[in-house]
Amino acid sequence: MIPVESESSTKNGIKVIYVAKENILPFLKEKKEEGFDTLLMISGVDYKDHLEVLYHLLSSKNNTRIIVKTKTDGEVDSVTSLWKGADWHERETWDLVGIKFKNHPNLKRILLAEGWVGHPLRKDYPMDKKQYVNLADDGEDTVSFDRGEGY
Amino acid sequence: MSDSILVTSLDEALKWGTGKSLWPFTFGLACCAIEMMSAMGSDYDWARFGSDVFRDSPRHSDLMIVSGTVTKKMAPRIRRLYDQMAFPKFVISMGACASAGGPYVRGYSVVDGVDQVVPVDVYVYGCPPRPEALIQALKMLQDRIVAGRVKH
Amino acid sequence: MMGRIQFPSTGGRGTDMEDKVIEVNFGPQHPSTHGVLRIKVKLDGEIIVDAQPVIGYLHRNAEKLAEMGAYPKGMIYIDRLDYVAALNMELGYVLAVENLMDVQVPERALWIRQMMVELNREASHLIWLGTHGLDMGMLTPFFYCFRERERILRIFDEITGSRLLYNYFAIGGVYSDITPKAIDMIKEWTEDFGTKLEEIQSILGKSYIYVSRTKGVGTLSAEDVLSYGVTGPMQRASGIKRDLRKDSPYLFYDKVNFDVPYRTEGDVYARFLVRIEEMRQSIKIVKQVLEKLPQGDFYNKKYSKPMLVRLKATGESYVPTESPKGEFGIHLIGDGSSIPYRVRIRSPSFANLSSIPTMLKGYKIADLTAAVSSIDPVFGEVDR
Ligand code: SF4
């Protein structure tokens, strides 16, 4: 048994479990073996003083769901070894919230152009500082703060 | 004297022909594209107005309908597609997003207006514009082509 | 019907495949990408060795923008997620907000919501069917589907006042009551849509070309479905019988009778059959709602419109709903102010689309459009 830090629940009764960040991979593995076979999503929340990663798990046989949370300062273990679908969700969380996933096979931006500066869903992201994207000849995006040729 | 009359009337005929045989480009971006499809579909049937053949390649088409939000990642690609179209070419900017950023204008990755990317001939307002509005824009564009008041 | 080819294969041209692989770029502008999907396809001859989707061409910052305004304001961005099934999106948001704030909703409003959501599911599946036909090289179903869809849109137009993006569900109810004229329109629609559906189904389902291009193509096993988090009709076509309307009923889905169609083949044809059958079940639900619709208020008088923007909330909530594409829900976190602290959107198409590499590997390039369109991706929702 992996120790649980604390438990609570959402307003409609989905169990929320807090786990220490070192234990997240073994804990989720344990949960997967218990029958939580679907990873619905991974999301990140910026609480200004720390970041949180949320895993929504669903057991399709027992029809139960839990939310596993962990507090971090910007890095957690990747769970791509457990669920293939975690790949995109982790890339998205890295892209928008800026949480690094250790041992992720391909941790690149997914929604924004590669080379974008900053992570927009952080609360301190400067919304008024515009970035401009252009297309290089090899088909890759280029990003700069300078209006120049970009859009 | 007789020369100029001949040239002018040929020009008129060309303009009339261009206006009545616009080939739009199958190019959907976002929600507005669904209304564009409705305009093509059974109820509205915009083939009635001489703009029937939707083309899948930019090289075959002369009307680009920018139907949806232009994001920063997409904008250079829209420019590239526009550059691949053959002259004469026209652009209809459909909806609030394509015209001015729409509800997403405060966002970090949305271009506020496709006019920064390609020259626009007709703007259509609405979020999304009803198919009737798009058809009106098409008629307006045709009138402009016949009158010679277009950008390209 | 070739089916999936296992690697390493000769690919028809010798054994050493690595140096003969070419890379083809599909999209972001292509008539069968359903928007702005781009796939980097690696081909050995005609056979797909690897397919990597590239998304983000419609990233419209819905989450960030919803975190910048009051709770009811977020609705306009939620509406535009899955723009062909906007009411289903609204429902996910409205249920989450009501749950967070403990808002009581009158029964009539809930029934109206349920009916509208089912009608919208119908419209969404019709769009899918029409464009799926286009992708398979058949123009006819497109016109049939759009004719039927326009009828549903006229009903929406009558009730909500707009055709595509409605902003109809309000916190505490709905914005306007359904009119007697609308009820007549819906009744008329429920009566003959079934036969129209049969007609449309027979155009595709009885075509030898269509069937042979879709049977055994783009298969996804049940393990892959679970591993990728694929939900909705795609999941049910792969033999996992899960439907949130049955498993964890919201609204009044436990008070109506309907079946959950499922197949075990997991290919494009199975997805086609599942969606068609779902449309039949939706008609059934709409009929029952019309019978059971109670009289009463259509919104909670306590939550008048000007007051809505001042609503405050704390805590968190996530209410899963069954959208036409799969499980949709919004994880809302409130910090006690009138602006949501975090709006996290669980988007079904995003997870469904991430299964493309597994789904396409080993098939021919000609199967690509069939498989991609069978996912029914809507990019407003994939890229958010
Ligand atoms: S104008 Fe409105 S309907 Fe059109 S793309 Fe923008 S948000 Fe969608």
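These legends describe close-up views of a predicted model.

**View 1. Chain A as a whole.**
Chain A has two helices and nine strands. Read from the N terminus, its elements follow the order β-β-α-β-β-β-β-α-β-β-β. The C-alpha trace of chain A spans about 55 × 30 × 25 Å along its principal axes. Chain A has 151 residues, and 56% of them count as buried. Consider the contacts in chain A between residues at least 6 apart in sequence: 42% of these join residues at least 24 apart.

**View 2. A:Glu7 and its contacts in chain A.**
A:Glu7 sits in strand β1 of chain A, which covers residues 6-9. Ten residues in sequence separate A:Glu7 from A:Ile17. In space, their C-alpha atoms are 4.7 Å apart. Neighbours within four places in sequence are set aside here. The contacts of A:Glu7 are then A:Lys15, A:Val16 and A:Ile17.

**View 3. Cis peptide bond at B:Pro88.**
B:Phe87 and B:Pro88 are joined by a cis peptide bond. Its omega is about -5 degrees. B:Pro88 belongs to a loop of chain B. That loop runs between α3 (75-84) and β2 (90-94).

**View 4. Cis peptide bond at B:Pro128.**
Here the cis peptide bond runs from B:Cys127 to B:Pro128. Omega is near -10 degrees. B:Pro128 lies in the chain B loop between β3 (122-124) and α5 (131-147).

**View 5. Two buried cysteines of chain B.**
B:Cys31 has a relative accessibility of 7%, so it counts as buried. B:Cys97 is at 9% relative accessibility and therefore also counts as buried. The cut-off for buried is under 20%. A disulfide is a covalent bond between the sulfur atoms of two cysteines.

**View 6. Helices α4 and α5 of chain C.**
Two packed helices are described by the angle between their axes and the distance between the axes. Helix α4 of chain C covers residues 107-135, and helix α5 of chain C covers residues 140-160. They pack at an angle of about 155 degrees, with axes 9 Å apart. That angle makes α4(C) roughly antiparallel to α5(C), because angles over 145 degrees count as roughly antiparallel. The crossing of the two helices is left-handed. On the α4(C) side, the contact residues include C:Met116, C:Leu119, C:Ala123, C:Leu126 and C:Ile127. Among those on the α5(C) side are C:Phe142, C:Phe146, C:Ile152, C:Phe156 and C:Ile159. By class, this contact of α4(C) with α5(C) has 15 nonpolar, four polar and three charged residues.

**View 7. Helices α11 and α15 of chain C.**
Helix α11 of chain C covers residues 268-292. Its axis comes within 10 Å of the axis of α15(C). The two axes cross at roughly 35 degrees. The crossing of α11(C) and α15(C) is left-handed. In α11(C), the residues that meet α15(C) are C:Val268, C:Arg271 and C:Arg275. Their partners in α15(C) are C:Ala370, C:Ala371, C:Ser374 and C:Ile375. The residues of this contact divide into four nonpolar, one polar and two charged.

**View 8. Positive phi at C:Asp376.**
C:Asp376 lies in the loop between α15 (368-375) and α16 (379-383) of chain C. Its phi is near 60 degrees. That is a positive value in a residue other than glycine. C:Asp376 has 4% relative accessibility, so it counts as buried.

**View 9. Positive phi at C:Arg384.**
C:Arg384 is placed in the segment after α16 of chain C. Phi of C:Arg384 is near 55 degrees, again positive in a residue other than glycine. C:Arg384 is buried, with a relative accessible area of 3%.

**View 10. C:Asn61 and its contacts in chains B and C.**
C:Asn61 is found in a loop of chain C, between β3 (47-54) and α1 (62-66). With 1% relative accessibility, C:Asn61 counts as buried. Neighbours within four places in sequence are again left aside. From chain B, C:Asn61 is in contact with B:Gly107, B:Tyr108, B:Ser109 and B:Val110. From chain C, the contact is C:Arg384, the residue with phi near 55 degrees.

Conventions: Residues are numbered from 1 along each chain as its sequence is written. Chains are lettered from A and ligands numbered from 1 in the order in which they are written. This is a predicted model: local features need pLDDT of at least 70, side-chain atom pairs count only at pLDDT 80 or more; totals for chains, interfaces and linings use all residues. Side-chain values use heavy atoms; hydrogens and water are left out. Axes are lines fitted to C-alpha atoms, for helices over the stretch in contact, and angles run from 0 to 180 degrees between N-to-C directions. Helices (H or I, at least four residues) and strands (E, at least two) are DSSP runs, numbered from the N terminus. Angles under 35 degrees count as roughly parallel, over 145 as roughly antiparallel, 65 to 115 as roughly perpendicular and the rest as oblique. A crossing is left-handed if the near helix is turned anticlockwise from the far one by less than a right angle, and right-handed if clockwise. Contact means heavy atoms within 4.5 Å. Ala, Val, Leu, Ile, Met, Phe, Trp, Tyr, Cys and Pro count as nonpolar, Asp, Glu, Lys and Arg as charged, and the others, Gly among them, as polar. Buried means under 20% relative accessible area, exposed over 50%, partly exposed in between (1.4 Å probe, protein chains only).
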